[in-house]
Amino acid sequence: MAGNIMLEVVTPDKSLVSEEAQIVVAPGEYGEFGVLIGHTSFLTTLKIGMLRFKDSGGGERLVFVNGGFAEVLPNKVTILAESAERRKDIDVERAKVALKRAEERLAEAGRKENIDARRAQAAVQRAIARLKIAGTRRAA
Ligand code: ATP
C-alpha cells in the first residue's frame, strides 16, 4: 500500500519525533520489526536499541530508545520510551563516561545476579547502543 505512516516518539518529558515516515524499524523485545502504512495493529515492548525510520524525503534517521512500548496502528506508530535521543543529540562523551562508570559498577557487583549488577548491565547496554548509533555515519 502506498503512502507514509505517522511516527510519534515520546518520552516522559518530551516529544522527539512527530512526523511522517515511509518505513519505521523498531527494536522489539522479541526482535526488530518493520512497519509500513496499512500494517496490522499490535502492541509490543521494546528493548534498548536503535529505532530507524525513513523520513518523507527518503532520508534515513536514527533514534536511540531506552526500552518502552510501541503501539502500531494501520496509519500510525507510537513509541513510548523511558528515554530517547535523536542520533544528532547523542552526547558521545557522556555515553563514554556512563559506559566506564557502569563497567566499574559491574566489576564491583561481581558475578552475582543482583540488582546492582542488572542495573549496571542495563547502563552498559544503553551506553553501547548510544555510541553505536552516534558512530553510524550513514544517517542524520
Ligand atoms: P547517564 O548515566 O549519562 O545519565 P543513562 O543511560 O543513565 O546515562 P538515561 O536514564 O537513559 O541516562 O537518560 C536520562 C536523561 O539523559 C534522558 O533525558 C536522556 O535522553 C539523557 N541522556 C542520557 N545519556 C545521554 C547522552 N549520551 N546523550 C544525550 N542525552 C543523554
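**Exercise 1. The start and end of helix H1**

Task: In this predicted model, find which backbone nitrogen a side-chain oxygen of Asp-91 reaches at the start of H1, and state which residue just after H1 takes a positive phi.

Solution: 
1. At the start of H1, the backbone nitrogen of Glu-93 has a side-chain oxygen of Asp-91 within 3.1 Å.
2. Just after H1 comes Gly-110, with a positive phi of about 70 degrees.

**Exercise 2. The length and faces of H1**

Solution: 
1. The buried residues of H1 are Ala-95, Leu-99, Ala-102 and Ala-109.
2. Helix H2 (115–134) is included in what covers the buried residues of H1.
3. On the face turned away from the buried side, H1 carries the exposed residues Glu-93, Lys-100, Ala-107 and Glu-108.

**Exercise 3. The nonpolar cores**

Task: State how many residues the largest nonpolar core has and which strand gives the most to it.

Solution: 
1. The largest nonpolar core has 22 residues; among those with the most contacts inside it are Leu-7, Val-9, Leu-51 and Ile-79.
2. Strands S1 (5–10), S2 (15–28), S3 (31–35), S4 (42–55), S5 (60–73) and S6 (76–81) each supply at least two residues of this core.
3. S2 gives the most, with 5 residues.
4. Apart from this core lies another, of 7 residues, including Ile-90 and Ile-133.

**Exercise 4. Thr-78 and an aromatic pair**

Task: Decide whether Thr-78 counts as buried or exposed, then classify the pair formed by Phe-33 and Phe-42.

Solution: 
1. Thr-78 lies in strand S6.
2. The cut-off for buried is under 20% relative accessible area. Thr-78 has 16% relative accessibility, so Thr-78 counts as buried.
3. Leaving out residues up to four places away in sequence, Thr-78 touches Glu-8, Phe-69, Ala-70 and Glu-71.
4. Planes over 60 degrees apart count as edge-to-face. Phe-33 and Phe-42 have 75 degrees between the planes and 5.2 Å centre to centre, and their pair is edge-to-face.
5. With a relative accessible area of 15%, Phe-33 is buried, whereas Phe-42, at 27%, is partly exposed.

Methods: Residues are numbered from 1 along each chain as its sequence is written. This is a predicted model: local features need pLDDT of at least 70, side-chain atom pairs count only at pLDDT 80 or more; totals for chains, interfaces and linings use all residues. Side-chain values use heavy atoms; hydrogens and water are left out. A nonpolar core is a set of buried Ala, Val, Leu, Ile, Met, Phe, Trp, Tyr and Cys residues joined through side-chain atoms within 4.5 Å. Buried means under 20% relative accessible area, exposed over 50%, partly exposed in between (1.4 Å probe, protein chains only). Helices (H or I, at least four residues) and strands (E, at least two) are DSSP runs, numbered from the N terminus. Contact means heavy atoms within 4.5 Å. A polar contact is a pair of N or O atoms within 3.5 Å; within protein, one must be able to donate a hydrogen and the other to accept it, and residues adjacent in sequence count only if both atoms are side-chain atoms. Rings of Phe, Tyr and Trp (its six-membered ring) pair if their centres lie within 6.5 Å; planes under 30 degrees apart count as stacked, over 60 as edge-to-face and the rest as tilted.
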